[in-house]
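Keep the viewer open as you read along.

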Amino acid sequence: MSEFAVEALNIVRTFNDGDVRALDDVTLHVPTGQVFGLLGPNGSGKTTMVRILATILSPSSGSATVAGYDVVKQPNQVRRHIGLAGQNATVDENLTGFENLRMVGLLNHLNKAYVVAKSRQLLDDFGLSDAANRITKTYSGGMRRRLDLAAALVANPPILFLDEPTTGLDPQSRQDLWGIIERLVEGGTTVLLTTQYLDEADRLARQLVVLDHGKIIAQGTSAQLKAQMGATVLVLSFASTDDASRVRTLIADLSDKPANLEGTVIEMTVDNGPAVTADALRRIDGAGIALSGLALREPSLDDVFLNLTGHKAEDPTVEDATPGGRQRRRARA
Ligand SMILES: Nc1ncnc2c1ncn2[C@@H]1O[C@H](COP(=O)(O)OP(=O)(O)OP(=O)(O)O)[C@@H](O)[C@H]1O
Ligand SMILES: [Mg+2]
């Protein structure tokens with residue numbers, strides 16, 4: 001396999017006769033043997049990209065190779081090298097966990113004895129042994145996600161596409177799934193992971209691309225992205241919107257990033273959390289304003305967006321002048 005497990009060049013994908021530009025000139029180079037993160041809010045084009053790379057959907061223009069094979073001209077070869085765990089778990093509700101995995105193996109024309117052994121091993125690896133013979137209708141959301149991922153692994157694919165694998169999971173199930181993904185990569189698998197969460201990308205992905213409205217708005221390592229936006233977010237809350245808006249003006253010069261005001265809460269991305277906090281508190285106190293809440297937190301994907309685009313990822317009041325923007329917002333709403 002080449003240096004890149006996945007190479008996508010200038011991918012454009014439109015829908016509804018060009019009204020919706022789901023992907024607008026996206027180029028990706030996913031190195032072999034690591035987790036590559038595709039971040040973006042709802043409707044940014046993540047699933048569309050995964051579907052194109054998985055040969056489910058064809059690009060309107062541009063080209064892509066997966067494991068060195070062209071997604072349009074050699075879809076069968078591509079499929080033999082990939083596993084896909086989609087956004088909605090695709091397990092058959094009326095089959096048991098074991099039967100689901102066996103079915104996937106047989107659909108892939110794999111040797112029967114291999115499929116049985118591999119299915120048992122995967123169920124064991126993913127903590128589903130006890131539930132192996134239960135109908136999956138009775139599985140929890142976390143169990144379904146794990147089974148869906150197991151199904152993607154039956155054929156031992158060297159490249160795995162995971163589309164928001166932990167959305168909707170509780171914190172423990174997320175951690176469990178992260179551990180599973182890390183072990184897969186240690187074993188040599190390449191993972192293209194989509195997510196809406198910076199903490200997830202941060203934990204798993206060595207390199208990241210951030211999408212907004214189908215366009216790449218940032219890329220690099222998570223450390224680079226964070227450095228670009230400041231290390232911490234200072235959150236201040238007040239008893240009234242009036243107080244909050246006065247303080248926003250008062251502390252505006254403490255960061256080169258805009259302070260975001262929502263109701264009675266101010267959020268500001270800052271480079272030196274403790275020092276800026278101390279400064280802000282002195283000014284607030286000096287102005288005789290009472291603080292009702294204070295926190296410092298890690299930046300989230302929302303902060304990346306706010307800083308990169310000047311608007312919140314889901315802010316409906318911001319006019320979207322790009323073609324199809326209004327449609328995209330309606331679809332997202
Ligand atoms: N089959 C389709 N027909 C029309 N529009 C589509 C179709 N598939 C996707 N879109 C639009 O393309 C844009 C990108 O959608 P996509 O599903 O790729 O986003 P996403 O980043 O995966 O979002 P989410 O986080 O909600 O899963 C959206 O505006 C969506 O409405
Ligand atoms: Mg999606």
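Two residues are in contact if their C-beta atoms, placed from the backbone, lie within 7 Å. Helices (H or I, at least four residues) and strands (E, at least two) are DSSP runs, numbered from the N terminus. This is a predicted model, in which local features need pLDDT of at least 70 and side-chain atom pairs count only at pLDDT 80 or more, while totals for chains, interfaces and linings use all residues. Residues are numbered from 1 along each chain as its sequence is written, with chains lettered from A and ligands numbered from 1 in the order in which they are written.

**Helix pairs**

Two packed helices are described by the angle between their axes and the distance between the axes. Axes are lines fitted to C-alpha atoms, for helices over the stretch in contact, and angles run from 0 to 180 degrees between N-to-C directions.

| Helix pair | Axes come within | Crossing angle |
|---|---|---|
| H3 (residues 97–107) and H5 (residues 141–153) | 9 Å | roughly 25 degrees |
| H9 (residues 241–251) and H10 (residues 273–286) | 10 Å | roughly 125 degrees |

On the H3 side, Gly97, Asn100, Leu101 and Val104 meet Leu147, Ala150 and Ala151 of H5. By class, this contact of H3 with H5 has five nonpolar, two polar and no charged residues (Ala, Val, Leu, Ile, Met, Phe, Trp, Tyr, Cys and Pro count as nonpolar, Asp, Glu, Lys and Arg as charged, and the others, Gly among them, as polar).

In the other pair, Val247, Leu250 and Ile251 of H9 meet Ala280, Arg283 and Ile284 of H10. Here the contact of H9 with H10 has five nonpolar, no polar and one charged residues.

**The sheet**

Six strands make an open sheet with mixed pairing, in the order S6-S7-S8-S3-S9-S10. Strands S6 (82–85) and S10 (215–220) are at the edges with a single partner strand each, so one side of each has no neighbour in the sheet. From one strand to the next, the twist averages 15 degrees.

Strands pair if DSSP finds at least two bridges between them. S7 (residues 159–163) and S8 (residues 190–195) pair in the parallel sense over five bridges, and Asp163 has Thr194 in S8 as its bridge partner.

Helix H5 returns here: H5 lies across S6 and S7, running at about 165 degrees to S6.
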